[in-house]
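Hello,

Here is the structure I promised to pass on to you. Have a look at it first, and then read on for what turned up in it.

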Protein chains: 2
Amino acid sequence: MVESRRVTLKDIAKSLGVSVNTVSRALADKDSVGEDTRARIKAEAARLGYVPNSMARSLVLGSAMTLGLVITNPSNPFYARLISTIEQRGRTHGYSLMLLVTEESPDVDRRAADTLLRWGVDGALVVPVQGEGEHWERLHESGIPMVCLNRDVPTLDLDFVGVDYHHAAYEATRHLVEGGARSLCLFEEDLPISPVAERVAGFRKALTEAGIESSGDPVISVPTRRRESLALPWEPADAYRLAQDIVSQGDLPDAIMVGNDYFALGVYRALTEAGLRVGDDVLVGGFGDHPFSAYLSPGLTTVRLPAAQIGTAAVDLLLQRMRSHGDDGETAAEKRRERCGLVVRASSRASKGTMT
Amino acid sequence: MVESRRVTLKDIAKSLGVSVNTVSRALADKDSVGEDTRARIKAEAARLGYVPNSMARSLVLGSAMTLGLVITNPSNPFYARLISTIEQRGRTHGYSLMLLVTEESPDVDRRAADTLLRWGVDGALVVPVQGEGEHWERLHESGIPMVCLNRDVPTLDLDFVGVDYHHAAYEATRHLVEGGARSLCLFEEDLPISPVAERVAGFRKALTEAGIESSGDPVISVPTRRRESLALPWEPADAYRLAQDIVSQGDLPDAIMVGNDYFALGVYRALTEAGLRVGDDVLVGGFGDHPFSAYLSPGLTTVRLPAAQIGTAAVDLLLQRMRSHGDDGETAAEKRRERCGLVVRASSRASKGTMT
DNA sequence: GTGAAAGCGCTAACAC
DNA sequence: GTGTTAGCGCTTTCAC
């Protein structure tokens, strides 16, 4: 292959004997350029296979036409859908997407903020890693509009779009209580992040309201190995072992909530192996409504997370912030929590075999 | 917030009374700059909160320090893992990642190639959408090294790293035959892409070798709705309905292969609802070994796809191409197909209850 | 309508 | 060691 340097405006200009400037305007479809010249220029550009250099354009325009997306783990189906939605919506607005994966590493998280700053992205959407996270506030203060996704850091004055986990957990738990459960527990991964905290709070609230007290703590912390096995969804095996313990210890709850549907897989197995019937002996409720959840036996009752809605809302909020950036009135951070629906299936119905 | 323009080399230079150039070299840790000056410059840079402008740097260096990744659907768990792996490996080599999602749209696919060209990425990793795809060849000829992922386009002379689906399907089918199956069928989505074609071929080869002939075509094309419901994994419901048809028509095969584990979910349900026992009355084998597959009852026998391995290999091949770019000897395109293992579980064991 | 000149922020040649 | 000059490819003044 011949070392074919890329065609530039200059090449077209030279080839046609006009100025670079004219070529630029012609191709940008600005007026103040003759019909004939424009035609000639466009033809020549096509002939030479001219492709504009986004880099150069961005440099002078001062806008990268790029959004940054920082995700902890694309293999989490919820985040996978966010990626799709955000990329798509950003693209329809003309923005390219720079994706960074942090794998729950505070270090990578910090460097991600730095990378976005260096590239000068026009806006950032971030699922922050657990921990402090003032580097995100610093990014924001550096003049880059940003919105936190799914995980809120209450101590930071940053926009946030996520799920109303508190309400969802509350409703789901109430549903189990109404189904007759009097002793419940909740499996949650041991990450100090807002979704977990909110689900726990909603769960507890429902218990309190129902006048249910338990001897020990009904919240079971699953030492998920997710952080070790990079780039994997949650590990059902972790929940499986804990559920086995519970079963073998004899103090079996009559309902189990899990923070994500993957944990339900482990719980299902532990119960089944012990000869217990899910949805009958023990009710189970999850979070995520992943594709497999409808196909388990029995079907899993679970909270459907409005991923597309959240992705869209986040991008729209970000674009709005980008537009009003530079305006005087610094509006306060917006914390938006989307409500979500509970998908009721046989695992919570004590329904002796009905399948959904 | 004060309209705080970003700090540049010029600002540091002015503030210290040195030339921009010196600042540049000091910060880049080049020699030919005095120890004291360097210290003063670094201190001032830190004080002012200087952040290098990657855009400007890339423009002059002629390298974007960016890789492009084009994916059809991040919600496909296999692709999600590819995204993680590729981002991670690219990052360790200093590259940022620009992600484009094509959603099986030939149009978006074409524009993706254009976008990558405009940004002048240093290399591209692409899961091409079905169809022609000479726009990818054009990108390649424009001087951007690229590697196709998972889907090969044999008519294009492009590097490719993927799965040896042919061999995997062959082995899996043989496994079912050895398990006693004499009448088999294969569920495959109706996309004209190489993975499907190769699995079909491997499946057929195994049948032929076993001397198995069927009256009709054993390959069942699933009109997957994936393309309509953007950003979702495969739809088990599609396979469910087709499996129902097969069951109700009475010509039940004694083994069913499916092109992805999600289809197995549908097949499981159809069989179970008909009172048939998976792994006993009908053997089932899948592709993907998704997290849920081990937790179905019975556990699903399935081909484990080496996603991380493929992601890594693809990036490494790409980096190698990038390094040797400009060299005279144009090496021929490399087509690499990774072997993968079959995870045998109860769905293929006719094992009356053993669970894995 | 078109061209000349300046500059986005940075690095690479050259002088001294 | 350090400064000066030039230029990456593009857009935006401002003359003409």
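B:E338 is buried and yet takes part in no salt bridge. In this predicted model, the nearest side chain of opposite charge is B:R336, and it is 5.1 Å away. B:E338 belongs to strand 11 of chain B, residues 335-338. What is B:E338 in contact with, once its neighbours within four places in sequence are left aside? The contacts are B:G162, B:V163, B:D164, B:P306, B:Q309, B:I310 and B:A313.

Salt bridges do turn up elsewhere: a search of the whole structure gives 54 of them over all chains. Here are some that I looked at.

B:E188 and B:R199 are joined by one, at 2.5 Å from N to O. This pair links distant parts of the chain, with B:E188 in strand 6 (residues 184-189) of chain B and B:R199 in helix 9 (residues 194-209) of chain B, eleven residues apart. Are these two residues buried or exposed? Both B:E188 and B:R199 are buried. In chain A, A:D29, A:E35, A:R38 and A:K42 are joined into one network by salt bridges that share partners.

B:D107 and B:R111 form another salt bridge, at 2.6 Å from N to O. They sit four residues apart in helix 6 (residues 106-119) of chain B, so about one helical turn separates them. B:D107 has 37% relative accessibility and therefore counts as partly exposed, while B:R111, at 52%, counts as exposed. In chain A, A:R277 bridges to A:D281, with the closest N and O atoms 3.2 Å apart. A:D281 is partly exposed, because its relative accessibility is 28%.

Now for the sheets. Chain B has an open sheet of six strands in the order 7-6-8-9-10-12, with mixed pairing. Its edges are strand 7 (219-222) and strand 12 (342-343) of chain B; each has a single partner strand, so one side of each lacks a neighbour in the sheet. Strand 6 of chain B runs parallel to strand 8 (residues 255-258) of chain B, and four bridges join them. B:C185 has B:I256 as its bridge partner in strand 8 of chain B. Helix 9 of chain B lies across strand 6, strand 7, strand 8 and strand 9 (283-288) of chain B, at about 175° to strand 6 of chain B. Helix 11 (residues 261-273) of chain B also packs on the sheet, where it touches strand 6, strand 7, strand 8, strand 9 and strand 10 (301-304) of chain B, and its direction makes about 160° with that of strand 9 of chain B.

In chain A, six strands again make an open sheet in the order 7-6-8-9-10-12, and the pairing is mixed. Strand 7 (219-222) and strand 12 (342-343) of chain A are the edge strands, each pairing on one side only. Four bridges hold strand 6 (residues 184-189) of chain A in parallel pairing with strand 8 (residues 255-258) of chain A, and A:F187 is opposite A:V258 in strand 8 of chain A. Helix 10 (residues 236-249) of chain A packs on this sheet and touches strand 6 and strand 7 of chain A, with its direction at about 140° to that of strand 7 of chain A.

A:W234 is in the loop between strand 7 and helix 10 of chain A. A:W234 counts as buried because its relative accessible area is 11%. The C-alpha atoms of A:W234 and A:S75 are 8.8 Å apart, although 159 residues separate the two along the chain.

Strand 3 (residues 123-126) of chain B is worth a look too. Which way do its side chains point? B:G123 and B:L125 point one way and B:A124 and B:V126 the other, and all are buried. Strand 3 of chain B pairs in parallel with strand 1 (residues 66-71) of chain B over four bridges, and B:V70 stands opposite B:V126. Three bridges join strand 3 of chain B to strand 4 (residues 146-149) of chain B, also in parallel, with B:L125 opposite B:V147.

Lastly, an unreviewed UniProt entry places the feature "domain: HTH lacI-type" at residues 7-61 of chain A. That span is 69% helix and 0% strand, and its end C-alpha atoms lie 20 Å apart.

Best wishes

Methods
Residues are numbered from 1 along each chain as its sequence is written. Chains are lettered from A and ligands numbered from 1 in the order in which they are written. This is a predicted model: local features need pLDDT of at least 70, side-chain atom pairs count only at pLDDT 80 or more; totals for chains, interfaces and linings use all residues. Side-chain values use heavy atoms; hydrogens and water are left out. UniProt positions are given in the numbering used here, feature names are shortened, and annotations may be inferred rather than shown by experiment. Helices (H or I, at least four residues) and strands (E, at least two) are DSSP runs, numbered from the N terminus. Two strands pair if DSSP finds at least two bridges between them. Contact means heavy atoms within 4.5 Å. Axes are lines fitted to C-alpha atoms, for helices over the stretch in contact, and angles run from 0 to 180 degrees between N-to-C directions. Buried means under 20% relative accessible area, exposed over 50%, partly exposed in between (1.4 Å probe, protein chains only). Lys and Arg count as positive and Asp and Glu as negative; His and the chain ends are not counted. A salt bridge is a side-chain nitrogen of Lys or Arg within 4 Å of a carboxyl oxygen of Asp or Glu.
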